[in-house]
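Please look at the aromatic rings and at the packing of the helices in the model shown here, and follow them step by step through the paragraphs below.

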Amino acid sequence: FYEDEYKSGLVDWKGSGEECYKFSKWLEKAYQYITIERPKLQKDLDAAYPPLTAKRLTEVNRKTYEQDYAEVHRIEKLIKQKDTKVLNNIVKYREYFWT
């Protein structure tokens, strides 16, 4: 929708009322998140996993696990929150996706 319709300029989002303008600003931010920020967060998440060692594979230590995976859990939580916000707003703004 963003690439095919929104960017084509068929609709004057600023001149179509305040709610349409709010949608357009949200859409730009959501597109930025989906195409740039989320892939970066996913790379950060992949890099946050501690390296596998023989000791880590054979011993379970709750305190070490929590420390080793703290950044993994932080990024997973952030992605979940941001994804949920975008998805909820897709539902909120669903009527604007048909121009």
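Gln-32 is found in helix H1, and in this predicted model Gln-32 has a relative accessible area of 42%, so this residue counts as partly exposed. The C-alpha atoms of Gln-32 and Trp-13, which stand 19 residues apart along the chain, are separated by 18 Å. Lys-22 also belongs to helix H1, and with a relative accessible area of 38% Lys-22 is likewise described as partly exposed. Between the C-alpha atoms of Lys-22 and Arg-94, which are 72 residues apart along the chain, the separation is 13 Å.

Tyr-6, by contrast, is found in the segment before H1, and its relative accessibility of 11% is under the 20% limit, which means that Tyr-6 counts as buried. Where does Tyr-6 make contacts, leaving aside its neighbours within four places in sequence? The residues in contact with Tyr-6 are then Phe-1, Trp-13, Ser-24, Leu-27 and Glu-28.

The aromatic rings can be taken next. A pair of aromatic rings is described by the distance of the centres and the angle of the planes. A search of the whole structure finds 15 aromatic pairs. In one of them, the ring centres of Tyr-2 and Tyr-6 are 5.2 Å apart and the ring planes lie at 25 degrees, which is under 30 degrees, so the pair is stacked. Tyr-2 has a relative accessibility of 17% and therefore counts as buried. For Phe-23 and Trp-26 the centres are 5.9 Å apart and the planes are at 35 degrees, so this pair is tilted. Both Phe-23 and Trp-26 lie in helix H1, which covers residues 18-48, and they are three residues apart, about one turn of the helix. Phe-23 is buried with a relative accessible area of 0%, and Trp-26, at 12% relative accessibility, counts as buried too. The residues Phe-1, Tyr-2, Tyr-6, Trp-13, Phe-23, Trp-26, Tyr-31, Tyr-93, Tyr-96 and Phe-97 form one aromatic cluster.

Two packed helices are described by the angle between their axes and the distance between the axes. How are H1 and H4 oriented to each other, roughly parallel or roughly antiparallel? H1 and helix H4, which covers residues 70-92, pack at an angle of about 160 degrees, and their axes are 10 Å apart. Since angles over 145 degrees count as roughly antiparallel, H1 and H4 are therefore roughly antiparallel to each other. The crossing of H1 and H4 is left-handed. On the side of H1 the contact is made by residues including Trp-26, Ala-30, Tyr-33, Ile-34, Leu-41 and Leu-45, while on the side of H4 the contributing residues include Val-72, Ile-75, Ile-79, Lys-82, Val-86 and Ile-90. The residues of this contact of H1 with H4 divide into 13 nonpolar, two polar and seven charged.

Terms used
Residues are numbered from 1 along each chain as its sequence is written. This is a predicted model: local features need pLDDT of at least 70, side-chain atom pairs count only at pLDDT 80 or more; totals for chains, interfaces and linings use all residues. Side-chain values use heavy atoms; hydrogens and water are left out. Rings of Phe, Tyr and Trp (its six-membered ring) pair if their centres lie within 6.5 Å; planes under 30 degrees apart count as stacked, over 60 as edge-to-face and the rest as tilted. Buried means under 20% relative accessible area, exposed over 50%, partly exposed in between (1.4 Å probe, protein chains only). Helices (H or I, at least four residues) and strands (E, at least two) are DSSP runs, numbered from the N terminus. Axes are lines fitted to C-alpha atoms, for helices over the stretch in contact, and angles run from 0 to 180 degrees between N-to-C directions. Angles under 35 degrees count as roughly parallel, over 145 as roughly antiparallel, 65 to 115 as roughly perpendicular and the rest as oblique. A crossing is left-handed if the near helix is turned anticlockwise from the far one by less than a right angle, and right-handed if clockwise. Contact means heavy atoms within 4.5 Å. Ala, Val, Leu, Ile, Met, Phe, Trp, Tyr, Cys and Pro count as nonpolar, Asp, Glu, Lys and Arg as charged, and the others, Gly among them, as polar.
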